[in-house]
Amino acid sequence: NNFNRCFCFFQIDVYLAKSLADKLYLLQYPVRPSTMTYDDVNHLAAKIKPKQQRVELEMAINTVSPNYCRSKGEQIALNVDGTTYDETNTYSAKMMDKQTFSSIQATTNTSRYAAAVFRKGELHVTPLTGILQMRPSFSYLDKADNKTREREAANEGGDSSQDEAEDDAKAITVRFARPESEQARQRRIQSYEFLQKKQAEEPWVHLHYHGVKDGRSEHERQYLFCQSVDASENSELVKTPKEYLAMLMPPLAEEKVVKPVGPSNVLSMAQLRTLPLGDQVKTLMKNVKVMPFANMMGLLASGTDSTAALRCIQQVALLVQGNWVVKSDVLYPKNTCSPHSGVPAEVLCRGRDFVMWRFTLERSVMRKEIASIIKLPPEDVKEFLEHVAAPRVNRGWEFLLPTDVDFIKKHQDVAHRQHMLWLGIQSKLEKVFNFSKEDFMPKNSPQPEPVHVSGEQRLKMAQERAQENRSSLQKDLDAKRAGGGGGVQVKQEPAGDWDEPMDTSAPPCSSSILNGSVNGYPGGFDHTNGNGGSPANTSSLELHDFVIKTFRKHFVLTLNEFKRLFNLHLASMPVGRSVFHSVSDHMLQEAILLSPCKQIMVPFPAQSTAASDEQKVFGLWETGEEFDKHRRLLYDLFTKNYRVRRNMIQARLGQELGDVSKADVDRLLNECCSSHAGMWYLKGTIQS
């Protein structure tokens with residue numbers, strides 16, 4: 001019965017001493033047993049870095065001990081300091097007569113450790129600032145290696161002739177550091193080199209060592225005892241039972257679950273439903289682009305109010321054929337640009353709004369028709385259409401989803417409000433792109449006066465129109481051929497691409513191509529000199545000026561690159577100032593060949609993956625300068641091989657023009673060519 005009883009046999013008062021609380025370190029020597037202390041060893045020097053809690057001690061080595069190898073000690077001193085005497089020598093006695101101990105932190109958290117002194121039934125406790133393990137430092141070996149490398153370098157330098165001429169001056173490329181991002185800054189701060197640099201910046205604080213039995217040590221040890229034994233001044237150790245229990249058994253902290261980071265294009269539905277309703281709807285629409293309202297309600301959490309969801313979706317989407325399509329300014333925020341072409345977000349939003357407006361009128365649209373109006377690069381136009389439509393054979397691009405008639409009937413007020421919103425967008429688009437709604441009436445809309453024409457009547461009408469236009473067509477074609485016979489040799493295209501007869505089987509009301517056109521151009525326009533009095537005269541002059549300015553800047557361009565630059569030029573023109581209505585690839589080629597440029601017949605390899613537009617290379621032929629001869633000789637070289645070496649170019653120029661300076665060759669290559677793997681290519685012809 002007495003076994004389970006607890007008895008208090010002895011009671012000890014505990015005091016907290018604070019005099020050395022911020023400067024008391026525990027030094028451990030793990031490489032030697034506790035019986036072999038360094039108390040009697042002569043300490044030569046001591047220093048500390050307080051912030052890093054790094055300590056170094058220099059201790060003397062007993063060189064007269066029978067365990068000391070004198071020859072080894074002298075060899076080490078010779079390797080470290082060399083044969084010359086200097087005040088900075090590590091070992092002034094010409095032998096290794098001392099060793100250095102450097103510290104490492106045994107633990108970074110010392111809040112649970114203290115040094116205690118027991119005296120007269122009282123336990124005095126002082127918190128430890130750090131616990132350091134002292135280990136031998138071998139930095140002298142690094143110094144010996146550096147000495148060896150210096151001697152080898154000196155020997156190599158001494159062998160060279162003193163009369164050797166200085167090397168020629170070489171050009172040095174100056175690079176400026178780009179602005180550092182926040183992520184790069186964090187990586188740099190956490191790198192080993194940065195930490196080493198920061199540690200080296202803190203200066204050493206030199207200390208004076210006092211032995212164990214020294215009077216100063218005895219004086220400092222008195223600070224291990226609490227200077228005041230009054231309980232009221234030691235409130236840190238006066239705790240209630242409940243507080244003491246909480247200190248012994250602290251409550252468990254909830255562990256934070258780190259959410260896995262998924263790809264940026266993957267949407268987690270679990271994380272989505274933790275967002276506010278407005279953010280949920282916006283995130284869904286940005287990812288899906290087009291969606292019926294019923295499908296969106298199925299993706300939201302169960303019990304979501306449909307009225308609130310309908311209010312939120314109107315802020316980030318527009319109604320198209322009863323389905324919701326994300327707004328352009330949500331996909332292309334302000335101060336951003338196209339990832340394909342670099343076109344500003346404002347221009348992208350106008351072009352995409354036009355595409356969506358077209359789908360409010362009809363189910364299908366033609367990509368070429370869209371591109372001719374909004375005048376954006378083809379990559380951006382294709383992206384607009386892929387968001388909301390899919391390509392169909394002989395029908396262009398058809399809207400992705402069927403018309404949601406049920407939503408329109410159920411929410412007539414929302415449909416009416418969206419209709420009024422589209423009318424406002426339409427009025428803005430008409431001012432920007434200079435069109436009217438009547439130009440885009442749906443093909444399936446009823447005609448006011450339908451006319452029924454039989455097959456024989458349609459054939460007779462087509463024959464009559466062809467007969468009427470035959471004379472004007474022949475006249476314009478002859479004039480075009482007569483004007484194209486100058487000094488420039490135009491690369492012949494297949495007849496099927498240029499001289500295909502017009503389709504005259506359609507009724508007059510459905511034809512969007514002007515009668516009397518030759519090769520896709522209006523018949524009243526003479527492409528050789530730009531005369532003819534038609535509105536296309538202005539566009540021809542503008543196109544001619546653009547070709548000359550572009551080739552004077554770039555000198556050599558593929559057709560694909562020229563089309564890209566032309567599309568960027570159109571996108572950068574002020575609204576309403578563009579004189580280009582529809583420019584085909586053939587018009588661009590003809591404009592280039594009618595300017596002081598020629599096509600360079602580069603013999604691409606059979607395994608080349610370049611597209612046809614990338615294999616059509618044009619170069620500036622005539623500028624009126626003496627340097628034109630250099631360019632023509634270069635073009636002639638590239639008609640024999642699609643890549644050449646620099647020495648071949650120099651040899652050809654020297655053969656034809658005599659002595660050609662290095663600066664002229666550099667200018668020629670810089671203007672017309674690009675270098676890869678030691679070979680030179682015309683610009684735009686390097687195969688990836």
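Trainee: Which residues have the most contacts inside the largest nonpolar core?

Mentor: This is a predicted model. In its largest nonpolar core, Met285, Met296, Ile313, Trp324, Phe354, Phe359 and Leu376 have the most contacts, and the core counts 56 residues. Helix H12 gives the most to this core, namely 10 residues. A second, separate core has 44 residues, among them Leu543 and Phe604.

Trainee: What does Leu376 touch, leaving aside residues up to four places away in sequence?

Mentor: Its partners include Val343, Val347, Leu348, Gly351, Phe384 and Ala571.

Trainee: Why is H12 called largely enclosed by the rest of the structure?

Mentor: A residue is buried if its relative accessible area is under 20%. In H12, 14 of the 17 residues are buried, so the helix is largely enclosed.

Trainee: What makes S2 and S9 the edge strands?

Mentor: The open sheet has six strands in the order S2-S8-S5-S4-S3-S9, with mixed pairing. Strands S2 (25–28) and S9 (205–207) each pair on one side only.

Trainee: How do you know that S5 and S8 pair?

Mentor: Pairing requires at least two bridges. Six bridges join S5 to S8, so the two strands pair, and they run antiparallel. Ser103, for instance, has Met134 in S8 as its bridge partner.

Key
Residues are numbered from 1 along each chain as its sequence is written. This is a predicted model: local features need pLDDT of at least 70, side-chain atom pairs count only at pLDDT 80 or more; totals for chains, interfaces and linings use all residues. Side-chain values use heavy atoms; hydrogens and water are left out. Buried means under 20% relative accessible area, exposed over 50%, partly exposed in between (1.4 Å probe, protein chains only). Helices (H or I, at least four residues) and strands (E, at least two) are DSSP runs, numbered from the N terminus. A nonpolar core is a set of buried Ala, Val, Leu, Ile, Met, Phe, Trp, Tyr and Cys residues joined through side-chain atoms within 4.5 Å. Contact means heavy atoms within 4.5 Å.
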